[in-house]
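Let's walk through this structure together, beginning with a single residue and widening the view from there. Please keep the sequence and the 3D view side by side as you read.

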Amino acid sequence: MKKFIQEFKAFALRGNVMDMAIGVIIGGAFSGIVTSLTENFINPIILFLTGQATYSAADIGQFAATFGSAVVNFIILAFILFCLIKMMNKLMTLGHKEETPAAPTTKTCPFCKSEIAIEATRCPHCTSVLPEEKEA
């Protein structure tokens, strides 16, 4: 059972799965904006142009307020998701140490510019005697 939970955790926290989940949530929130735009701007304009409805200034203000509310809700949701993902990424890298770069195993011959072993005292390509390097 413990291995199953570890496998599920590895699956659920992979980048692709998280990106897809965020995409679905953002898509759902964005559909709220599209619905509000349709119901509060496009439909009233069509109804007004066809003569089926007349609107007062209060009605127009209500349409704008409802649409603005949908936009603000979307921005708040997107910001919260951004903060959650940022915090999750920080938690994922919390236990990981930065890898130190490996010590070089080769150096360049100053005469023929070919790559040689770092311990070499003579270049195998041009047979030049290599000067001793001072340690820093």
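Asn 40 is in contact with Phe 63, Thr 66 and Phe 67, leaving aside its neighbours within four places in sequence; contact here means heavy atoms within 4.5 Å. Asn 40 belongs to helix 2, where helices are DSSP runs of H or I with at least four residues, strands are runs of E with at least two, and both are numbered from the N terminus. With a relative accessible area of 9%, Asn 40 is buried. The cut-offs are under 20% relative accessible area for buried, over 50% for exposed, and partly exposed in between, with a 1.4 Å probe and protein chains only.

Before going further, note that this is a predicted model: local features need pLDDT of at least 70, side-chain atom pairs count only at pLDDT 80 or more, and totals for chains, interfaces and linings use all residues. Residues are numbered from 1 along each chain as its sequence is written, and side-chain values use heavy atoms, with hydrogens and water left out.

Now look at the aromatic rings. Rings of Phe, Tyr and Trp (its six-membered ring) pair if their centres lie within 6.5 Å; planes under 30 degrees apart count as stacked, over 60 as edge-to-face and the rest as tilted. The count comes to 3 aromatic pairs by this rule. In one of them, the ring centres of Phe 30 and Phe 74 are 5.9 Å apart and the planes stand at 70°, so the pair is edge-to-face. Because Phe 30 lies in helix 2 (residues 15–49) and Phe 74 in helix 3 (residues 57–92), the pair ties together parts that are 44 residues apart in sequence. Phe 41 and Phe 67 also form an edge-to-face pair, at 5.3 Å centre to centre with 85° between the planes. This pair links distant parts of the chain too, with Phe 41 in helix 2 and Phe 67 in helix 3, 26 residues apart. Phe 30 is partly exposed at 43% relative accessibility, and Phe 41 is partly exposed at 30%.

Follow helix 3 along its length: its 36 residues reach 52 Å from first C-alpha to last, close to the 52 Å expected at 1.5 Å a residue. That expected span is 1.5 Å times one less than the number of residues. The buried residues of helix 3 are Phe 63, Ala 70, Phe 74 and Leu 81.

Next, turn to the strands. Phe 111 sits in the loop between strand 1 (106–108) and strand 2 (115–117), and at 51% relative accessibility it counts as exposed. Beyond neighbours within four places in sequence, Phe 111 contacts Cys 126, Ser 128, Val 129, Leu 130 and Pro 131.

The largest nonpolar core has 5 residues, Cys 109, Ile 116, Ala 120, Cys 123 and Leu 130; such a core is a set of buried Ala, Val, Leu, Ile, Met, Phe, Trp, Tyr and Cys residues joined through side-chain atoms within 4.5 Å. Cys 123 is buried, with a relative accessible area of 1%. The structure holds 0 disulfides, a disulfide being a pair of cysteine sulfur atoms within 2.5 Å.

Finally, step back to the whole chain. Its elements run α-α-α-β-β from the N terminus on. The radius of gyration is 32 Å, well over the 14 Å that the globule rule gives for 136 residues, so the chain is more spread out than a compact globule. That radius is taken over C-alpha atoms, and the globule rule is 2.2 Å times the number of residues to the power 0.38.
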